[in-house]
Amino acid sequence: MQKNDVVRVTIEDMSHKGEGIGKVEGYPLFIKDTVIGDEVEVIVTKAGKSYGYGRIKTVLKPSAHRVTPRCAYAGPCGGCQLQAMAYERQLQFKEDMVRNNLKRIGGFEDIPMESIIGMEEPFRYRNKAQFPVGKDRDGKIVTGFYAGRSHRIISNTDCCLGVPVNEEILNHVLSYMEENHIEPYDETTGRGVVRHILIRYGFATKEIMVCLVINAKSLPASEKLLEKLTPVKGMTSISISINRKNTNVIMGETIKTLWGQPYITDYIGSIQYQISPLSFYQVNPVQTKKLYELALSYAGLTGKETVWDLYCGIGTISLFMAAGAKKVYGVEIVPAAIADARRNARLNGIENAEFFVGKAEEVLPGKYREDGVYADVIVVDPPRKGCDEKLLATMVQMQPERIVYVSCDSATLARDLKYLCGEGYRLERVCPVDQFPMTCHVETVVLMSRVSNEPCRTVDELHP
Ligand code: SAH
């Protein structure tokens, strides 16, 4: 196989990044924008030793699972990978991915898998969007999304994963910029003002937040922007975020409120949250509620339990569980998130939740060593890289009855479950939840219970 070869393949499988995989005489080719079952003609774009990449030339015979993407930019845009695949098939793909990783990496045989929890309406689910602002080839100010693996902006004010009001707001910001000659930021020269437009929408409260990320100390003609935005129904908070650094990090740390409140309010279930421009908050509130309810039911709380919620973010899971537990402790590395967690606990009148700032793999082992802290239930919700082994070692030492693992990467999940099952725990339930329809991400909630009554090895033996 060589670059620029043209070959015919049938797509048999999909990668975790959502590329279709087809084989030519046993040689796998990864092809973007294809669907399992497609017969396609492709141009080989890269031919490595054991696998290669191809670009779709023609679909010779479309898969029975192929659908017309709702968005005209689904191909080039880096946001969605699976829009050309029927939603039911997306769900099956995600469930298979979790099962395969548990088998291949975790070494599990009989997996207690439950059916993936999907969405009834898998579009318009995001409560947050960050739109980059730039210029097109004709010098017109545009906003939209970055093309896959690049910073080229695809002009699109109506992303179908976001809420409809985004379009109205974006058009106001663009016309404000045109009318007042406000330049978009240019990454190559470091000049220009407006970098990104952040919009957040409270699904339960219908409150709207707009925050312009700017490369300046203040926003020129800001009153003109307010004139346009304040009449938008639901507008609650308008602010700027100052980011003068030449960096890929979107938000700058200094926030100035231009109008209204510095935050919006939203609910997940009956718990209320105040969300400021820099707060972390789950982006799909409908599925988040289902995810937390599942985690809560797996935790099996009766009111007597001590729960540790590790990687707790703004304390969302901790607060969700607090009413059913005796005491909840949350641990999170980002100090601002812990400040939000404490404020949200007060806001909801929750008095049995306590939060600690620090690395879970340092805080928990430290508290266990020094204070002998105890847990009936431990919940972990780590980032993609999964849990540090030092943390897993302390968890098994503490011998909680149940461990609830919420994961956004089923490969590292499988690795960590293998460890826990080797140290006295049993896999009880596994349920994937589709938090991000149209993309290849999948969350998984797992329940493990302690089966061994043997005294555990010490942390030092487990993690020398
Ligand atoms: N449970 C929360 C957030 C989960 S996202 C929710 O449902 O909203 C994972 C969180 O882990 C992030 O907030 C991240 O800042 C935090 N984190 C990353 N590494 C960490 C570490 N080593 N120790 C503690 N928290 C960490």
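Seven strands form an open sheet in this predicted model, in the order 17-16-15-18-19-21-20 and with mixed pairing. Strands (E, at least two residues) and helices (H or I, at least four residues) are DSSP runs, numbered from the N terminus. Two strands pair if DSSP finds at least two bridges between them. Strand 17 (353-357) and strand 20 (425-433) are the edge strands, and each pairs on one side only. On average, neighbouring strands of this sheet are turned by 15° against each other, direction ignored; the axes behind such angles are lines fitted to C-alpha atoms, for helices over the stretch in contact, and angles run from 0 to 180 degrees between N-to-C directions.

Helix 7 (residues 360-371) lies across strand 15 (306-310), strand 16 and strand 17, at about 150° to strand 15. Contact here means heavy atoms within 4.5 Å.

Some distances to the ligand can be given atom by atom. A polar side-chain atom of Y292 is 2.6 Å from an oxygen atom of the ligand. An N or O atom in the side chain of E361 lies 3.0 Å from a ligand nitrogen atom, and a backbone N or O atom of I333 lies 3.3 Å from a nitrogen atom of the ligand. On its own the ligand has 580 Å² of accessible area, and the protein covers 86% of this; such areas come from the Shrake-Rupley method with a 1.4 Å probe.

Elsewhere, S276 lies in the loop between strand 14 (271-275) and helix 4 (285-299). Not counting residues up to four places away in sequence, S276 touches R200, M209, P262 and Y263. Y263 is 13 residues from S276 along the chain, yet their C-alpha atoms are separated by 4.3 Å.

Residues are numbered from 1 along each chain as its sequence is written, and side-chain values use heavy atoms, with hydrogens and water left out. Because the model is predicted, local features need pLDDT of at least 70 and side-chain atom pairs count only at pLDDT 80 or more, while totals for chains, interfaces and linings use all residues.

How values were computed: A polar contact is a pair of N or O atoms within 3.5 Å; within protein, one must be able to donate a hydrogen and the other to accept it, and residues adjacent in sequence count only if both atoms are side-chain atoms.
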